[in-house]
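Dear colleague,

I am handing over the structure below, and after it you will find an account of what came out of the analysis. Please read the account with the model open beside you.

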Amino acid sequence: MLTTTVKSLVQSLRYLPLWSALTASRGRSFDLRSRRLGSAVGFVLRYFPPARWRFEREVQRVFPQMPRGARLQMARDMGRQMGRTLFEIYHVAEFQTRTEKFHTSGPGLAALMAAQAVGKGAIIVSGHFGQWEAVRAVIKQHGMESGAVYRPNRNRHYQRRLLAGIEAGGQPILATGRVGTKALVRHLRSGGIMAILLDEKYAEGAPLPFLGHDALTSLSAAQLALKYDLPMIPAYGIRAADGDSFQVVFEAPIAPSDSVTMTRAFNDSLSTRIRKDPAQWYWLLRRWDGA
């Protein structure tokens, strides 16, 4: 009983800074609230030692020649980006109404619509880059519904807000694990669309190159695409320089071959996006641990 109480107290204390930031900005415009939370997270990433140390370790792995000053600026920029992304995820219903903010390109959207026209499902693959919920917002704009796979947060306060936000963006929302996988298969076989973020470490995954270093990567998206003859489409919501609008790019579907080759193709796709604009990727995923 005491352990449960202490755990609940610790979770509440960890959630308090975010709750305070969200509460303090109530009544302001969407963009202003987003910018304020972004600035707060950017400050934490630059000046809170544990976060900054982890960030620097990962960035130096990929960009060993980057000067320290550039790394510090990148940490702040990434924090701003992720703070804004978090705010937008928590307010996805409002975020998706901002249709004038989404500028769409790439052949993958036409491929997705063609699959849906014949009753076929599809797998959208992306990463913690830019604003991934912008991809689902554009899919909804075109009259389609996309579910998503997510990893539940251990903090019940974050978990409640996170789940409510992404559920507003499209259904079904499925947690990682055996039960979620079964539901995922049913949804895809019935013609549904699922969005999967493939840039998290997967302990049982294959060690595949990512940003020049092997990283344990799940092959499940490619395996499902091959088994059920579904298009596997990389898509990214790239935040524009103004911070409020997005270039949503649907790349061409990855050519069917085998699960390793297809997953490597996605890793290469995301790596190219990150190298072009590294501050838009979330560098705190411990992506290369264990590989």
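In strand β5, the bridge partner of Gly147 is Met194, where strands are DSSP runs of E with at least two residues and helices are DSSP runs of H or I with at least four, both numbered from the N terminus. Please keep in mind that this is a predicted model, in which local features need pLDDT of at least 70 and side-chain atom pairs count only at pLDDT 80 or more, while totals for chains, interfaces and linings use all residues. Residues are numbered from 1 along each chain as its sequence is written, and side-chain values use heavy atoms, with hydrogens and water left out.

Strands β3 and β5 run parallel and are joined by three bridges, and two strands are taken to pair if DSSP finds at least two bridges between them. Strand β3, residues 146-150, is also joined by three bridges to β4, again in parallel. Four of the five residues of β3 are buried, which leaves the strand mostly covered; buried means under 20% relative accessible area, exposed means over 50%, and partly exposed lies in between, with a 1.4 Å probe and protein chains only.

These strands belong to an open sheet of seven strands in the order β1-β9-β8-β2-β5-β3-β4, with mixed pairing. Because β1 (102-105) and β4 (173-175) stand at the edges with a single partner strand each, one side of each has no neighbour in the sheet. On average, neighbouring strands of this sheet are turned by 25 degrees against each other, direction ignored; axes are lines fitted to C-alpha atoms, for helices over the stretch in contact, and angles run from 0 to 180 degrees between N-to-C directions.

Two helices lie across the sheet. Helix α6 (residues 108-117) lies across β1, β2 (122-126), β5 (193-197), β8 (232-239) and β9 (246-250), and runs at about 135 degrees to β8, contact here meaning heavy atoms within 4.5 Å. Helix α7 (residues 133-141) lies across β1, β2, β3, β4, β5, β8 and β9, and its angle to β9 is about 75 degrees. Glu133 lies in helix α7 and, at 4% relative accessibility, counts as buried. Once neighbours within four places in sequence are left aside, Glu133 is in contact with Ile89, Val92, Phe95 and Ile166.

What does the interior look like? The largest nonpolar core has 73 residues, and those with the most contacts inside it are Leu112, Ile123, Ile124, Met232, Trp281 and Trp283; such a core is a set of buried Ala, Val, Leu, Ile, Met, Phe, Trp, Tyr and Cys residues joined through side-chain atoms within 4.5 Å. Helix α4 (residues 68-90) supplies the largest share of this core, namely seven residues. Not counting residues up to four places away in sequence, Ile124 touches several residues, among them Leu112, Val135, Ile139, Ile193 and Ile233. Phe250, found in strand β9, is buried with a relative accessible area of 0%. Although Phe250 and Ile124 are 126 residues apart in sequence, their C-alpha atoms are 8.9 Å apart in space. The contacts of Phe250, leaving aside its neighbours within four places in sequence, include Thr104, Leu109, Val138, Ile139 and Ala235.

Since Phe129 lies in the loop between β2 and α7 and Tyr236 in strand β8, the pair ties together parts that are 107 residues apart in sequence. Phe129 and Tyr236 are both buried. The rings of Trp281 and Trp288, with centres 6.1 Å apart and planes at 70 degrees, are likewise edge-to-face, and both residues are buried. Ring pairs also link Phe63, Phe210, Trp281, Trp283 and Trp288 into a cluster.

For the chain as a whole, there are 11 helices and nine strands, and buried residues make up 51% of its 291 residues.

With best wishes

How values were computed
Rings of Phe, Tyr and Trp (its six-membered ring) pair if their centres lie within 6.5 Å; planes under 30 degrees apart count as stacked, over 60 as edge-to-face and the rest as tilted.
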